Amino acid sequence: MTTETRRKDPAKPLTPKGRATRRRIVAAAAQLMYERGLTEATLEDVRAAAGVSGSQIYHYFADKQALLLAVIEFQTEAVLEMQAPHFTRLDTMAGLRGWRDALVEYQRRLQCRGGCPIGTLGTEVAENNPEARLAVASGFLRWESAIREGLTAMHARGELDADPDDLALATLAALQGGLLLTQIQREVRPLEVALDAMLDHIARVRVSP
């Protein structure tokens, strides 16, 4: 594929049909990278899975790196969107535990396979792709921020005697570690234990009204 066939004006607004085609390519790439890993998921595989031509892929993405960055954004949006209904309720212990239950149940439905889509990509790119690593880091910061908002609200009401920034980071770290062990052990207990330990800590530093 020559560079002349690649999209020359990536900032040009896409038509509805163009947006749908681009999204189909990204979704196919995300699924393949999730299932096979970044290295094994080739552009030819993406082309076949998305049902598009090679020229269509290069119309929207200059190279695999550009597609990878789009996949990271796609996975970040998917992960955050799934949890969005719970994020608005993380300013109470009941809301936090409801969020925990939803995460555990989701892993149970997946039979503990796949782990975290963002974390899986991060592991693959962390040591050899600085641009992609920063994109993954940005996704994690958005996730951490969503957790922090609820804890900050609790702190602002005088209900939390701890730094909400530290608690949000520790909660996300516990979640990621729990997801990894759940994936490896094929049981939800590691995720349950990790999140329960963190939420129990938050309950201990909570100030009764």
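Predicted model: local features only at pLDDT ≥ 70, side-chain atom pairs only at ≥ 80, totals over all residues.
**Stop 1: H4 and H5**

Select helix H4, residues 64-87, and then H5, residues 93-109. The axes of H4 and H5 come within 9 Å and cross at roughly 150°. Angles over 145 degrees count as roughly antiparallel, so H4 is roughly antiparallel to H5. The crossing of H4 and H5 is right-handed.

Now show the side chains. On H4, pick Met82, Gln83, His86 and Phe87. They meet Gly98, Trp99, Ala102, Leu103 and Tyr106 on H5. Colour this contact by class: six residues are nonpolar, three are polar and none is charged.

**Stop 2: H5 and H8**

Because angles under 35 degrees count as roughly parallel, H5 is roughly parallel to H8. The crossing of H5 and H8 is right-handed.

Which residues touch here? Trp99, Leu103 and Gln107 in H5 meet Thr171, Leu175, Leu179 and Thr182 in H8. The contact of H5 with H8 has four nonpolar residues, three polar ones and no charged ones.

**Stop 3: the largest pocket**

Select Tyr34, Val79, Met82, Tyr106 and Pro117. Of the 20 residues lining the largest pocket, these are the closest to its centre. About 330 Å³ of space lies in this pocket.

Next, show helix H1, residues 16-36, with H4, H5 and H8. Each supplies at least two residues of the lining of the largest pocket. Which helix gives the most to this lining? H4 does, with six residues. By class, the lining has 15 nonpolar residues, five polar and no charged.

**Stop 4: the second largest pocket**

Move to Gly119, Thr120, Thr123, Gln176 and Leu180. These lie nearest the centre of the second largest pocket, which is lined by 13 residues. Helix H6 (117-125), helix H7 (130-156) and H8 are the elements that give two or more residues to its lining. About 220 Å³ of space lies in the second largest pocket.

H8 gives the most to this lining, with five residues. Colour the lining of the second largest pocket by class: five residues are nonpolar, eight are polar and none is charged.

Conventions
Residues numbered from 1 in each chain as written. Heavy atoms only, no water. Axes fitted to C-alpha atoms, helices over the stretch in contact; angles between N-to-C directions. Helix = DSSP H or I, 4+ residues; strand = E, 2+ residues; numbered from the N terminus. Parallel < 35°, antiparallel > 145°, perpendicular 65-115°, else oblique. Left-handed = near helix turned anticlockwise from the far one by under 90°. Contact = heavy atoms within 4.5 Å. Nonpolar A, V, L, I, M, F, W, Y, C, P; charged D, E, K, R; others polar. 1 Å grid on protein atoms, 1.4 Å probe; cavity = no way out; pocket = protein on both sides within 12 Å on 5 of 7 lines; lining within 4 Å. Points joined across faces, edges and corners; volume = space filled by probe spheres on them.
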